[in-house]
Amino acid sequence: MRLLSSVLVLCCLLLMSSCEKMPATQLQQIKAQEVIRIGTLVGPATFYQGIGGEQGFEYELAEQFANELGVELQMVPFFSLKKLFERLQSGDLDMAAAGLSYHPQRAVHFRFGPSYREISQKLVFKQGNTRPRNFAQLTGPITVLADSHHVISLQAAQKQYPELSWHEVDDRDQEELLQGIIDGDIQYTVVDSHSLALFRRYHPNVSIAFSVTQADPVSWVLRNEKDDSLYALLPPFFAKVQQSQQLAALEEKYFGHVRRFNYVNTLAFVEASKTTLPKYQDWFMQYAEQHQLDWRLLAALSYQESMWNPRAKSPTGVRGIMMLTQRTAKQVGVTHRLKPEQNIRGGARYLRKLINRIPKQIGAPDRTWFALAAYNVGWGHVNDARKLTMRQGGNPTSWAEVKKRLPLLTKKRYYRETKYGYARGDVAVTYVDNIRRYYDALIWLDENGALQVNTDSEQPTQ
């Protein structure tokens, strides 16, 4: 018995000794350091520095994951895919969250987590040039990002089109390649669908020739190693954010308003921002500041309402550059709706009243989208849609959730159970999406010095 006891003690000691020498898992290291380092690409579709600090679809998703782990998020931005992959492979990053799409060729070197969205690859060219319908009709070279999925797709296409050629660059990002199309420096490039949709808000002259791929699954990427400690947390995390609609809310926030594209409309808006907006920009700025609004939001709302036409009139009698009803004009102190300064002043005051009316539990930016919908269809109908959302098990404080239900107010089986009845909720959804696109475009034009104030602004007639 003593011999057996001695053997057991020795085994325990050996086991304890071996445990002490075992290296910490990736998750244990993250927990010990209380920081997770996630690499990403800089761009409007992933990560960027906004007025309120770090923003972007991938940033917000990564922040939620870091909160789940109870650690601090350190987002490491890159301008080059090659450098991002090198740092990930070296162990300097815990993983990459950069809108990267899965391909078996990439999976040889890296480990992909669960797919959480799909994108497609588009071959694009400058509007006005001859549109190629396939790779055989190209009249020049393609310029693409080095180490991107686009290169893999072109390599696959080359088997069918042996003459296909392309040029890989590592000193530009996806937006710079698109700008090269506009400037005429690049004839063709391949771009991800979501990045293209965001870019065409203010550059409608980039046109789609054809789709290179149809549905590429997007995932977070880790090193291809046996340590499963961090990887094992990704499936339940993505299942949770999908089930809770958090993922859908992020999709709506960053991409929900850019799914539709109208070339003529977008071109007209960009042109009007240069020719017509300067006449009224001072007033948009003055009264937006007075009512604690972003003047670019107020201007975007006005363009949606009247296309910045101070004499606009609807068949229902709504008038002026902010299209105020007679009743609303009286509420906000406007005596002459065709005087642009008065109308802008009244529109700003009315929008602020609507924003203040939104329940406090609805946070930004959703409270702004709710207020814009109310500007179009009335708060009573918007609130009906919120109640309908709640009855259907959705979140009534989420614009992404309520946006799905607003169109139901056109259907009798739904609106007959509401307080305010029938409403063109589908129109209100399009209305808000349009304003958000114009707003995004004005922000970009403003921050890039493409807007100029006209010192000879129109003066109101007394």
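You are in a predicted model, where local features need pLDDT of at least 70, side-chain atom pairs count only at pLDDT 80 or more, and totals for chains, interfaces and linings use all residues. Residues are numbered from 1 along each chain as its sequence is written, and side-chain values use heavy atoms, leaving out hydrogens and water.

Asp228 sits in the loop between strand E13 (216-223) and helix H9 (234-243) and Arg111 in strand E6 (residues 110-112), so the pair ties together parts 117 residues apart in sequence. Helices (H or I, at least four residues) and strands (E, at least two) are DSSP runs, numbered from the N terminus. Asp228 is partly exposed too, at 38% relative accessibility.

Next, select Glu251 and Arg117, whose side chains meet in a salt bridge of 2.6 Å, N to O. Glu251 belongs to helix H10 (residues 246-255) and Arg117 to strand E7 (residues 117-119), so this pair ties together parts 134 residues apart in sequence. Both Glu251 and Arg117 are buried.

Move on to Asp440 and Arg201, a salt bridge with its closest N and O atoms 2.7 Å apart. Both residues are buried.

For a last stop, pick Glu252, Lys403, Asp433 and Arg436: salt bridges with shared partners join them into one network.

Key:
Buried < 20%, exposed > 50% of the residue type's maximum accessible area, 1.4 Å probe, protein only. Salt bridge = Lys/Arg side-chain N within 4 Å of Asp/Glu carboxyl O.
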